[in-house]
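Please read them with the structure open.

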Amino acid sequence: MYESKAYAAAGPTTSLAPTTIKRREPGGDDVQIEILYCGICHSDLHQVRNEWSAMPTVYPCVPGHEIVGRVTKVGTAVTKFKPGDLAAVGCLVDSDGNCPSCQSGLEQFCPNMTLTYNSPDVHLGGITYGGYSDSIVVKEHFVLSVPTNLNLAGVAPLLCAGITTYSPIRHWGVTKGKKVGVVGLGGLGHMAVKFAHAFGAHVVVFTTSPNKKEDALSLGADEVVVSRNSEEMNKHLASFDFIIDTVSAEHDINAYLQLLRPDGNMTLVGAPDKPHAVSAMSLLFKRRSLSGSLIGGIAETQEMLEFCSKHNITADVEIIPIQKVNEAFDRLARADVKYRFSIDMTSLTQSKTP
Ligand code: NAP
Ligand code: ZN
């Protein structure tokens, strides 16, 4: 074991503060990574504030699952990485490897998967600690190769916001000529716009923030609808092939279901705790479907990174030092970020640890 610097929340209403945590020495199939950037996902905020009844938070909580860094050490059985390589880690650090989900590259649905933070830690006991830290040790299978042509601060958010939007966009066959809606222009939403645009779709952003209109267009949207304006909404009735809903808070999803064409699909990726009310009529009249999607498997995450490399796609980031993390959380809660915070982890060395 060795000690790592980190930022942790001690409870749902306390600020994140500097601490030290234990990491395991890399075993045979492990990769040790010095973390350079870690994105701030709204899931970090939900988890730190204990907002998910299905996934209660164990404290202290070190969040962070949008990790990019440099390999410092590898175990003897590691073949894909060597010290000095760039490497990345997303929301998963382990799974059983032999269930039907793992066998088909869908590790995110493995009943025994280990999340990067707030999951039982089979190596050290306690729970796993995430990327708001200077170092992490992860099994090789869950470590991604990072294309060298992309800006690293903007790569970090691809590990969650990127794959979470790329995966359903691929699954639901978004291609040239399809009309795609993106609900909510935050971290996930702005990545969904970039991907749907790159696949050639006609992209419409639905936002509650009129001041994001110009940004939406420059990110690749063809149209922007202020969702609180029912006249603007009604112009799009029954016209969408696919809608991805990235909203982190309670809202009326029926307003979007009725915008789907016959056989259209709406996929929820946003994860508010409170159940949505769904109108049966909206679904059955045009055989519409409503589904969900959770991050993506390891192979698809690597595919997404290669796609980003080829199309020069990264997240638009506001880079912050770790000392600004609490301010960033407050701004994220107010939907005030353009469009992802990426923490420069080298700032952690300046933090006083207790
Ligand atoms: P984010 O950056 O905060 O973006 C969420 C956006 O939702 C906001 O920018 C805002 O967009 C809109 N919004 C916020 N409050 C709203 C309200 N009360 N009514 C309507 N719209 C509202 O968050 P994120 O990091 O993209 O994450 C979004 C959600 O996805 C979170 O719940 C997160 O936990 C979840 N998530 C799920 C997965 C998965 O695997 N399924 C993975 C990662 C994250 P406008 O200003 O444009 O309206
Ligand atoms: Zn996330």
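1. Leaving aside neighbours within four places in sequence, which residues is T314 in contact with? This is a predicted model, and in it the contacts of T314 are L150, N151, G154, V155, L158, M191 and K194. T314 sits in a loop, with α10 (298–311) on one side and β16 (317–321) on the other. T314 counts as buried because its relative accessibility is 17%, and the cut-off for buried is under 20%.

2. Next, the ligand site. There are 29 residues around ligand 1. Those that come nearest are T207, T208, S209, K212 and R340. Two of these also make polar side-chain contacts. A polar side-chain atom of T207 is 2.5 Å from a ligand 1 oxygen. For K212, an N or O atom of the side chain lies 2.7 Å from an oxygen atom of ligand 1. The backbone takes part as well: a polar backbone atom of G187 is 2.8 Å from an oxygen atom of the ligand.

3. How much of the accessible area of ligand 1 does the protein cover? On its own, ligand 1 has 920 Å² of accessible area, and the protein covers 90% of that. Two elements give two or more residues to the shell: α1 (42–48) and α5 (187–198). The most comes from α1, with three residues. By class, the shell holds 13 nonpolar, 14 polar and two charged residues.

4. Helix α4 deserves a look of its own. It spans residues 161–171 and is mostly covered, with nine of its 11 residues buried. The buried set is A161, G162, I163, T164, T165, Y166, S167, P168 and I169. These residues pack against two helices, α5 and α10. They also pack against the strands β13 (240–245), β14 (260–268) and β17 (340–344). After α4 comes G173, with a positive phi near 65°.

5. Now the strand pairing around β4. Strand β3 (residues 30–40) pairs with β4 (residues 67–74) in the antiparallel sense, over seven bridges. Within that pairing, E34 has R70 of β4 as its bridge partner. β4 is also joined to β5 (residues 86–89), again antiparallel, by four bridges. There, V68 is bridged to A88 of β5.

6. Is G200 buried or partly exposed? G200 counts as partly exposed because its relative accessibility is 30%. G200 lies in the loop between α5 and β11 (202–207). Not counting residues up to four places away in sequence, G200 touches T175, K176 and G177. A335 is 135 residues from G200 in sequence, and their C-alpha atoms are 27 Å apart in space.

7. Last, S145. This residue belongs to strand β9 (residues 144–145). S145 is partly exposed, since its relative accessible area is 30%. Beyond residues up to four places away in sequence, S145 touches F81, Q302 and L305. S145 and V89 are 56 residues apart along the chain, and 9.1 Å separates their C-alpha atoms.

How values were computed. Residues numbered from 1 in each chain as written. Chains lettered and ligands numbered in written order. Predicted model: local features only at pLDDT ≥ 70, side-chain atom pairs only at ≥ 80, totals over all residues. Heavy atoms only, no water. Near = heavy atom within 4 Å. Polar contact = N/O pair within 3.5 Å; in protein donor to acceptor, adjacent residues only side chain to side chain. Areas by Shrake-Rupley, 256 points an atom, 1.4 Å probe, with all protein chains shown as cover. Nonpolar A, V, L, I, M, F, W, Y, C, P; charged D, E, K, R; others polar. Buried < 20%, exposed > 50% of the residue type's maximum accessible area, 1.4 Å probe, protein only. Contact = heavy atoms within 4.5 Å. Pairing = 2+ DSSP bridges.
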